[in-house]
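Colleague: Could you take me through the aromatic pairs in this model, and then through the helix packing around them? I'd like one connected account.

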Amino acid sequence: FGWLEKEGFKARIEDPAELSEHQLKEAIVWSDYVIIRDEDGYQQKIAEQLERPFMGAGSRASSICYSKIQFRRYLPDNIKTPKFQLVTSVSEFKKGLETLNSNGYVLKSVLGGSSIDIIISNDKSYDEPRVAILIERYR
């Protein structure tokens, strides 16, 4: 955040997961500029309520896009997206692999960013403990 400090802004790094709601609000109030790292809209909403400038999408867009299922509901019919299947257990994942018409797959959480906790495979092999952890984490 040196570039912010060079421009005269107060800046500090906080891990939002380790802050209470009160501490998070305090961190936003006392910062000149907020860089929000989570994508679920929660921190964006607080920054908006406190009228603090921040980088990134607003709270509503963030909360909609955080859920891939919810995001798809907002797309016009003429915008095509890859075929997907929602799985909530390893057994559902295995059944999905059996019906898959292609050799590869992408397994990622319904909630979360675009590159966090993702498994990409160019065949139908998988590491069951890793798949189980990914599915459990975001259930």
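Modeller: Searching the whole structure turns up two aromatic pairs, where rings of Phe, Tyr and Trp (its six-membered ring) pair if their centres lie within 6.5 Å, and planes under 30 degrees apart count as stacked, over 60 as edge-to-face and the rest as tilted. One of them is F93 with Y105, edge-to-face, at 5.4 Å centre to centre and 70° between the planes. That pair links distant parts of the chain, 12 residues apart: F93 sits in helix α6 (residues 90-99) and Y105 in strand β3 (residues 105-108). Helices (H or I, at least four residues) and strands (E, at least two) are DSSP runs, numbered from the N terminus.

F93 counts as buried at 6% relative accessibility, and Y105 is buried too, with a relative accessible area of 10%. Buried here means under 20% relative accessible area, exposed over 50%, and partly exposed in between (1.4 Å probe, protein chains only).

F93 also pairs edge-to-face with Y126, at 5.3 Å centre to centre and 90° between the planes. Y126 lies in the loop between β4 (118-121) and α7 (128-137) and F93 in helix α6, so this pair ties together parts that are 33 residues apart in sequence. Y126 counts as partly exposed, at 32% relative accessibility.

A word on the ground rules. This is a predicted model, in which local features need pLDDT of at least 70 and side-chain atom pairs count only at pLDDT 80 or more, while totals for chains, interfaces and linings use all residues. Residues are numbered from 1 along each chain as its sequence is written, and side-chain values use heavy atoms, with hydrogens and water left out.

Now the packing. α6 and α7 pack at an angle of about 115°, their axes 9 Å apart; axes are lines fitted to C-alpha atoms, for helices over the stretch in contact, and angles run from 0 to 180 degrees between N-to-C directions. On the α6 side, V90, F93 and K94 make the contact, and on the α7 side E128, V131, A132 and I135 do, contact meaning heavy atoms within 4.5 Å.

Elsewhere, α3 (42-49) and α5 (68-74) are among what covers the buried residues of α4. Those α4 residues (helix 59-66) are S59, S62 and I64. In α3 the buried ones are Q43, Q44, I46 and A47.
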